[in-house]
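Visitor: I would like a close look at one part of this structure. Please take me through a single sheet, step by step.

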Amino acid sequence: MSKYEAEISRRRTFAIISHPDAGKTTLTEKFLLYGGAIAQAGVVKGKKNSRAATSDWMEIEKQRGISVTSSVMQFQYEGFCINILDTPGHQDFSEDTYRTLMAADSAVMVIDAAKGVEAQTRKLFKVCAMRDIPIFTFINKMDREARDSFELLEELEKELGIETYPVNWPIGCGKEFKGVYDRGSKKIIHFTSNGGAKAATATEVELGDPNLDDLIGERLHRQLTDEIELLDGAAAEFDLDRVRHGKLSPVFFGSALTNFGVEPFLEHFLRMTTGPLPRTAGDTLIDSMDDSFSAFVFKIQANMNKAHRDRIAFMRIVSGKFEADKEVYHVQGGKKIRLSRPQQLMAAEREIIEEAYAGDIIGVFDPGIFSIGDTLCAPGKKFKFDPIPTFAPEHFRRVRSLDTMKRKQFLKGMEQIAQEGAIQIFKTPYSGMEEVIVGVVGTLQFDVLEYRLKNEYNVDLYMEGLPYEYLRWIETEDGEPVKEEDLILGDGVKLVEDYKGNQLLLFATQWAINWTSERNKQLTLLEFGGGW
Ligand code: GDP
């Protein structure tokens with residue numbers, strides 16, 4: 001294997017998905033701790049705050065005490081080069097969170113052992129499942145009272161529609177959480193805590209070891225033996241191929257807080273998951289090992305630094321090697337360009353980089369030329385990666401400029417911000433240009449919109465909440481646009497268009513979606529849009 005191939009095949013790029021408070025940040029920190037990227041846990045959060053202080057734009061983040069932006073962190077562990085894509089986990093998460101998942105090759109789903117599957121887990125899971133990427137489950141907070149492990153697995157299967165395979169099994173929970181039983185090696189890994197900031201000490205013991213009663217207690221020993229018997233009899237077979245196609249989720253138990261089970265998880269996960277996955281560009285599959293560079297833009301972050309009016313475009317390298325001094329071809333712009341100030345986040349530090357490989361994420365300075373989904377490749381090539389889907393917003397407002405004389409700035413600002421992917425904008429077939437309907441995935445985006453229109457376009461907004469919560473793209477049998485008078489639409493349903501002319505329906509309730517599709521059989525209602 002050449003150095004080039006070795007660099008690519010040792011890369012693992014994944015996102016951690018969870019409902020807020022399940023422990024995503026804590027687990028990420030512990031990965032960095034085990035990877036030696038930070039000496040003590042607690043660094044990541046501290047760093048986040050000090051960085052936020054450097055820019056006005058982050059005021060909103062600071063005020064609300066949450067992270068709006070999702071970042072990428074790279075670290076090394078046992079020869080692997082790991083890229084973790086952080087997805088904002090607060091209630092106010094945005095469409096960016098979904099798009100970030102497009103850059104990942106697998107997902108780690110963190111579940112709170114006392115709560116099971118929660119709303120945001122479900123949404124993020126759906127987006128991962130759409131791409132059939134491997135999904136690994138980490139059942140966290142076993143150091144607290146947890147729900148029955150069998151019951152949790154059943155809930156995962158029923159709620160998410162994925163089969164599960166417990167790779168290890170917890171021994172006790174709460175104060176009695178002693179360790180995990182590894183089903184492959186048939187060994188017990190017993191943990192002792194050294195405090196949350198340091199790695200836990202693990203001791204391995206064979207299942208039949210006479211000392212086991214002393215180590216975990218007679219009762220837990222008996223319970224474990226019973227549960228193993230049940231598991232071996234009932235659970236699905238392990239099948240790596242099904243794992244890699246997102247059909248079977250390997251499940252692990254642990255506690256990110258006390259570090260119990262973090263290392264066993266990391267070791268199994270890194271070996272089971274795939275290296276950089278190929279991506280499709282029309283009829284062609286672009287493989288990570290292809291000899292020339294290619295990448296796609298999945299996220300654009302505006303105004304990280306107000307003084308420079310910066311936009312940073314984040315791109316996922318699909319194939320080849322990126323070299324900072326070489327020209328690349330921006331397909332949608334039809335131009336050869338040099339990517340300026342390519343950056344990567346290494347553990348907690350942002351660094352300018354000279355080279356990066358397939359699987360890596362780089363952020364480059366964007367003078368306003370990139371859009372979400374854009375392709376970059378080696379000069380001489382011209383393929384375009386398939387578009388990144390648009391995801392249905394869940395909150396809608398009617399928005400116009402308070403000052404009617406500022407219509408032009410208003411529209412320009414709205415279109416610009418929509419093009420960056422922070423909001424989606426719609427109009428009704430009859431409405432003029434004075435007002436638009438804005439749809440967002442998380443309501444924080446409304447605050448961001450208001451702030452940016454005021455600060456960048458000098459426009460004060462009037463916003464009025466609309467009662468819709470669901471959006472579906474319309475597909476018709478003949479591909480022709482529908483006419484409103486031909487549809488049977490009840491209360492709480494509205495026909496709108498996006499600015500590309502696609503037709504959509506807004507619904508107040510899930511019930512209204514069913515009602516409408518039953519009465520309008522000529523329509524297919526889609527949850528994901530055609531894309532950026
Ligand atoms: P996120 O919102 O998913 O990023 O969750 P955080 O990592 O910020 O964790 C939310 C809260 O749960 C924090 O107070 C953590 O200290 C706590 N927490 C995280 N993991 C564990 C765990 O394994 N056990 C316990 N008891 N608490 C945890």
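Guide: Start with one residue pair. Arg398 has Glu464, in β28, as its bridge partner. Keep in mind that this is a predicted model. Now widen the view to the two strands. Strand β25 covers residues 395–401, and it pairs with β28 in the antiparallel sense over six bridges. In general, strands of a sheet pair through backbone hydrogen bonds, either parallel or antiparallel.

Next, take in the whole sheet. It is open and has eight strands. Read across, the order is β28-β25-β27-β26-β30-β31-β29-β32, and the pairing is antiparallel. The edges are β28 (461–466) and β32 (523–526), and each of these pairs on one side only. From one strand to the next, the twist averages 40°.

Now look for a helix. Helix α12, residues 407–419, lies across β25, β26 (424–427) and β27 (435–440). Its direction is at about 130° to β26. So much for the sheet.

Step back to the chain. It holds 14 helices and 33 strands. Of its 532 residues, 44% are buried. Take contacts between residues at least 6 apart in sequence: 70% of them join residues at least 24 apart.

One more stop is the ligand. It is surrounded by 16 residues, and the closest are Gly23, Lys24, Thr25, Thr26 and Leu257. Helix α2, residues 24–34, gives the most to this shell, with three residues. By class, the shell has seven polar, five charged and four nonpolar residues.

Key
Residues are numbered from 1 along each chain as its sequence is written. This is a predicted model: local features need pLDDT of at least 70, side-chain atom pairs count only at pLDDT 80 or more; totals for chains, interfaces and linings use all residues. A residue is near a molecule or strand if its C-beta atom, placed from the backbone, lies within 6 Å of it. Helices (H or I, at least four residues) and strands (E, at least two) are DSSP runs, numbered from the N terminus. Ala, Val, Leu, Ile, Met, Phe, Trp, Tyr, Cys and Pro count as nonpolar, Asp, Glu, Lys and Arg as charged, and the others, Gly among them, as polar. A residue is buried if 20 or more other C-beta atoms lie within 10 Å of its own, exposed if 12 or fewer, and partly exposed in between; C-beta atoms are placed from the backbone. Two residues are in contact if their C-beta atoms, placed from the backbone, lie within 7 Å. Two strands pair if DSSP finds at least two bridges between them. Axes are lines fitted to C-alpha atoms, for helices over the stretch in contact, and angles run from 0 to 180 degrees between N-to-C directions.
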